[in-house]
Amino acid sequence: MVLTWDIIRRTIEVLWLINNAFAIWTVFRSQRDIASTWAWLLVLILFPYVGFILYLFTGRQLSHDDIFSLQSEQKEFRDHFLKRQQALLRKHHLLPEAESSRRTRRLVELNLANDSAILTFNNQVQTFINGENLFDNIIEKINQAQKTVDIEFYTFYDDELGNRVLAALVAAAKRGVKVRVLYDASGSRGTKPKFFDTLRKYNGEAQPFMSSAGNKFFTSPRFNYHLHRKLVIIDHKIGYIGGFNIGDQYVDKSKKFGHWRDTHLRVVGQAAVMMEVRFAMDWNTSCRKSKLPKFDLEKELDTFTLAEPTDDPNLVPMQIVSSGPDSQNFALRRAYEEIIAQSKEYVYIQTPYLIPGDPILEALIIAAKSGVDVRVMIPCMPDHAFVYRASEYYAKYLTRNGVKVYKYNNGFIHAKTMVSGSNIASVGSANQDFRSYQLNFEANAICFDEALNTKLKQIFENDILESTLLTNEYFDKQSRWHKFKEYFSRLLAPIL
């Protein structure tokens, strides 16, 4: 048979139609939001066959077994632990009198409804914005641990800092402390399972989140649905939560990023127990594949009772709010929306990735046009090219609609913070993007305290001194090629 141009053209047309048919079947067979559906359809049609390889790694959703495992673990703990505490919480009338504004009560009730996020009262909070100081403190407290150390991180690298933390964990295990490490296999690329063998030798336990542990380095081709939380809980009473991961770049040892600006909280009090509840759910879900012993929360916390509300100005009321693809409540995204929508004077946001969904985007613009001082701070450099160009697109859109957007120039800003009004702040792992809203497993501390708000606001204002305010003129000077990259990246925003 002689290949003519007509035969080649018809073959290409048939293959293109087959590709499109599979693209439509692949995308619409899974339940996802409209923006993500059309974004994936665009990728699969514009990049025949190659798009399916990308989808294999980044587009597949959680299996029904994984979702069932996550939901069943959470239901078990809610039934046996969280609901009991929630009843006590309502008995205590939610908040002490000093924190009982209508806005605060709305947010507390929202977090309770969306995530059963119990409000705790007796928390002492310390803020860290420097990685070296943070990890020196974490390692010091691990060295003092007497009962348990539970660690949950997106990134746990096999580098200098990673080995420092591991050495402290091994020393704790040698003393008889119960040590458990949960990490994301994709976020910790380069860290092989045998990295934790010394810890296991002394009865410590380590496993990747929802992946087979064993001795396999490559556990899953799925790049979505990361364990993005960053938690440390020591002796059921000291908790750490925020944006730092375990790796040298987070302690200013990366030539690419230079100074790493992030925000983390150390919490001494009952919010640490709520972090441990979150850790237990994630740990037990992962045990389904690794076969490690489960975390018996009822046994380990059998004497726990919720403290009474207090007007002590040194203590911070706090909710640990988590979200992930196993729930359609979108607890953190909705908490962000509520904070922005109810703001009256100001709302300051720091995020490394600015790809907000329409609800948050509109909430920011409405607030700005209503006279609220809305400020957003993003990095001056990319760590992911498409994500950064999409962030620039939204920065331009917000700037043109009255929001003040700053580029942080003193290295890379990775903090995920929101501070608003006299006493509402959020610090945690969730960025302002689709991935944090609905693809990643995230955890934030939502705090209700005037002194903490004042400190976080001051940190933001200090960072402004190291930043550039973006203007319409700044964006007008961009080249056509630069603007094209922004617009194209924006089309892919729901899947970045």
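Which residues point one way from β3, and which point the other way? T148, D150 and E152 point one way, V149, I151 and F153 point the other way, and all are buried, where buried means under 20% relative accessible area, exposed means over 50%, and partly exposed lies in between, with a 1.4 Å probe and protein chains only. This is a predicted model, in which local features need pLDDT of at least 70 and side-chain atom pairs count only at pLDDT 80 or more, while totals for chains, interfaces and linings use all residues. Residues are numbered from 1 along each chain as its sequence is written, and side-chain values use heavy atoms, with hydrogens and water left out.

**The chain as a whole**
- The chain holds 17 helices and 20 strands, which are DSSP runs numbered from the N terminus (helices: H or I, at least four residues; strands: E, at least two).
- Of the 496 residues in the chain, 59% count as buried.
- Taking contacts (heavy atoms within 4.5 Å) between residues at least 6 apart in sequence, 82% join residues at least 24 apart.

**Strand β3 and its partner**
- β3 is mostly covered, since 6 of its 6 residues are buried.
- In general, the side chains of a regular strand alternate between the two faces of the sheet.
- β3 and strand β4 (residues 178-183) run parallel and are joined by 6 bridges, and two strands count as paired if DSSP finds at least two bridges between them.
- Within β4, R180 is the bridge partner of D150.

**Helix α6**
- Helix α6 (residues 131-144) has 14 residues and reaches 20 Å from its first C-alpha to its last, close to the 20 Å expected at 1.5 Å a residue; the expected span is 1.5 Å times one less than the number of residues.
- The buried residues of α6 include L134, F135 and I138, and the buried residues of this helix pack against several elements, among them β2 (124-128), β3 (148-153) and α7 (160-174).
- N130 caps the N-terminal end of α6, with a side-chain oxygen 3.0 Å from the backbone nitrogen of E132.

- Strand β17 (residues 424-428) pairs with strand β19 (residues 442-447) in the antiparallel sense over 4 bridges, and the bridge partner of A425 in β19 is C447.

Notes: Polar contact = N/O pair within 3.5 Å; in protein donor to acceptor, adjacent residues only side chain to side chain.
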